[in-house]
Amino acid sequence: MKTIILFACAAISCGAVFGGAEKPVELWPEGKMPSPQKNQSYKPYLTWFTPEKRTTDAILISVSGGGYGGCGVEGFEVAPIRDYMLAKGMTVVTMRYRCPRPEGLAKHVTAWQDAQRTVRLVRSEARKRGLNPDNIGFTGCSAGGHLAMMVATSSQTPAYAPVDEIDQLPCNVNWAFPVYPAYLLADGVNQYNTKKGNDLSDGFAPELKFDAATPPMCFFHGDMDGWSPMGSVRAYHKLRTMGIPAELHVMALEAHCFQSNPRPGTPAANWKDRAWDWLVSMDVVTGHPQTWKEGWKPVFSTWGKKLDTIADFEPGVWHTIEWGGAILTAEKDSALWLKGEYENFVLDFEYKLDPAANSGVVIYCSDVKNWIPNSVEIQLLDDHADKWKNDPPRLKNGSLYGHCGPAESNVKPAGQWNRMTVYAQGKRVKVVVNGRTTVDADLSQYTSAKTNPDGTPIQPWLSRPMADLPTKGRVGFQGKHGGARPYFRNVRILQL
């Protein structure tokens, strides 16, 4: 009876679509669908939805629940999530998997086959659409949450034999947020949890492998759900033991399908905002790299270390402020240089500026005593200050100082934190500020010390063409230049 209710709910139509819907695409070539079932009459399909204004290269695949007895694509478990993410600027793909439950097979097998195929089809299309094939997420509710868990934890287990070249692509996803997922624990493999999920001696359902490709996840569950929230709690704990970032939201007094008729002002009414916050915190949608991944080196994590063991600087100029040495600043115009030389790297950091501040980040420096002509400086500037408002783009925040800069400024007002990522790969230097690329330059084109390739003049103190600079050198931070201080935190480097 519960399955019928869930299916009925999932079939309810919801709201307007905040983006363009394309023609549905069948998942399988004619005659090649695996495990065909007489009781499953329709062909499974996916539908692409493009946001009116795209803000991220991420793709979300969204499916409904229904106890594997039915699968809606317009109900309260799909349409609101789809429209929310479209309004945020994310591309969404919805998928209708085969139902009802197959005969003679586990309840989820044909849906799982459809889900793995969908991930592969989406990955095959991503680059053509200007999207990232390594930034694919999956969400679903109830049985769809169980399907999201299988896609996320068991991608190294093939659900079907390959049918064409598409199936040579991996079917892992890069993140997931299961919503009140059902069937996760052994006491609820095919129904609600008979022991309420509270018997810790019961393991996970056997189809959940938690393999090497398991990605970060964010869980949402009501603590009055018969499909126990302990499934999400246990999955969250499992990810912790694997060293995989995870987030968990268990909402008091909420039952299954909590978002179908939420009480205003409660977490159940605002859970999609929390999902988006998680995507931001995990750098899924920011346009910046995921610095929590392996290989990133925190630079000014000064616990138990003195600053002078990490960098070279004039004594008394640079210091950390706030508890734990979290923020770095300078008292005068004198640069700080990280120890060692860097080539082919990514530098990521946050910064804020005092009013009218004029500072910079320096890469490829070959002479720290005469660094201005012998390095590439990325400008950090309070563009909002009156004294700089008439400066050309090549002098603005996020520019390669004196050479090229953004068409428009996107630095935040003084006192607010910004984020910058610098990609330094040989002669190519790319700068991203607050999620937007400000510079993507080929230094080999800058062969003059007097004029840039676009004809604009170069400041006389930049007396060495960027094309002549080595692509290995020191990384530095300019100090209190122009009488106003910069502040830095969360500085990390990835050596490529």
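Pro181, Ala182, Tyr183, Leu184, Leu185, Asn193, Trp227, Ser228 and Gly231 line the second largest cavity. A cavity is, on a 1 Å grid over the protein atoms alone, a set of points where a 1.4 Å probe fits but cannot get out, whereas a pocket is an open set with protein on both sides within 12 Å along at least five of seven lines; lining residues have an atom within 4 Å of a point. The model is predicted, so local features need pLDDT of at least 70 and side-chain atom pairs count only at pLDDT 80 or more, while totals for chains, interfaces and linings use all residues. Residues are numbered from 1 along each chain as its sequence is written, and side-chain values use heavy atoms, with hydrogens and water left out.

**Cavities and pockets**

The structure contains 2 cavities of 30 Å³ or more. The lining of the largest cavity is formed by Ile372, Pro373, Ser375, Val376, Glu377, Leu400, Tyr401, His403, Leu462, Arg464, Met466 and Leu469.

The largest pocket has a lining of 37 residues, and those nearest its centre are Asn132, Asn135, Asp283, His288 and Gln290. For the second largest pocket, 13 residues form the lining, with Glu377, Tyr401, Trp461, Gln478 and His481 closest to the centre.

The table lists volumes and lining composition. A volume is the space filled by probe spheres set on the grid points, which are joined across faces, edges and corners. Ala, Val, Leu, Ile, Met, Phe, Trp, Tyr, Cys and Pro count as nonpolar, Asp, Glu, Lys and Arg as charged, and the others, Gly among them, as polar.

| Space | Volume | Lining residues by class |
|---|---|---|
| Largest pocket | about 970 Å³ | 14 nonpolar, 13 polar, 10 charged |
| Second largest pocket | about 190 Å³ | 7 nonpolar, 4 polar, 2 charged |
| Largest cavity | about 90 Å³ | 8 nonpolar, 2 polar, 2 charged |
| Second largest cavity | about 40 Å³ | 6 nonpolar, 3 polar, no charged |

**Asp283**

Asp283, one of the residues nearest the centre of the largest pocket, is located in the loop between helix 6 (267–281) and strand 10 (296–298). Helices (H or I, at least four residues) and strands (E, at least two) are DSSP runs, numbered from the N terminus. Asp283 counts as buried because its relative accessibility is 9%; buried means under 20% relative accessible area, exposed over 50%, and partly exposed in between (1.4 Å probe, protein chains only). The side chains of Asp283 and Thr286 form a polar contact of 2.7 Å. Such a contact is a pair of N or O atoms within 3.5 Å; within protein, one must be able to donate a hydrogen and the other to accept it, and residues adjacent in sequence count only if both atoms are side-chain atoms. Beyond its neighbours within four places in sequence, Asp283 contacts (heavy atoms within 4.5 Å) His288, Pro289, Gln290, Thr291 and Arg419.

Two strands pair if DSSP finds at least two bridges between them. Strand 11 is joined to strand 14 (residues 336–338) by 2 bridges, and Asp312 has Trp337 as its bridge partner in strand 14.

Elsewhere, strand 12 (residues 318–321) and strand 13 run antiparallel and are joined by 4 bridges, with Ala330 as the partner of Trp318. From strand 13 (residues 327–330), Ile327 and Thr329 point one way, Leu328 and Ala330 the other way, and all are buried. Strand 13 is also joined to strand 22 by 2 antiparallel bridges; here Leu328 has Phe488 as its partner.

Strand 22 (residues 486–495) includes Ile493, which counts as buried because its relative accessibility is 3%. Among the residues that Ile493 touches, not counting those up to four places away in sequence, are Trp296, Leu338 and Phe345. The C-alpha atoms of Ile493 and His288 are separated by 13 Å, although the two residues are 205 residues apart along the chain.

**Backbone features**

Cys99 and Pro100 are joined by a cis peptide bond with omega of about -5 degrees. Pro100 is placed in the loop between strand 5 (91–96) and helix 3 (109–126). Tyr68, although not a glycine, has a positive phi of about 60 degrees, and Tyr68 counts as buried at 1% relative accessibility. Ser35, also not a glycine, has a positive phi of about 50 degrees, and Ser35 is partly exposed, with a relative accessible area of 25%.
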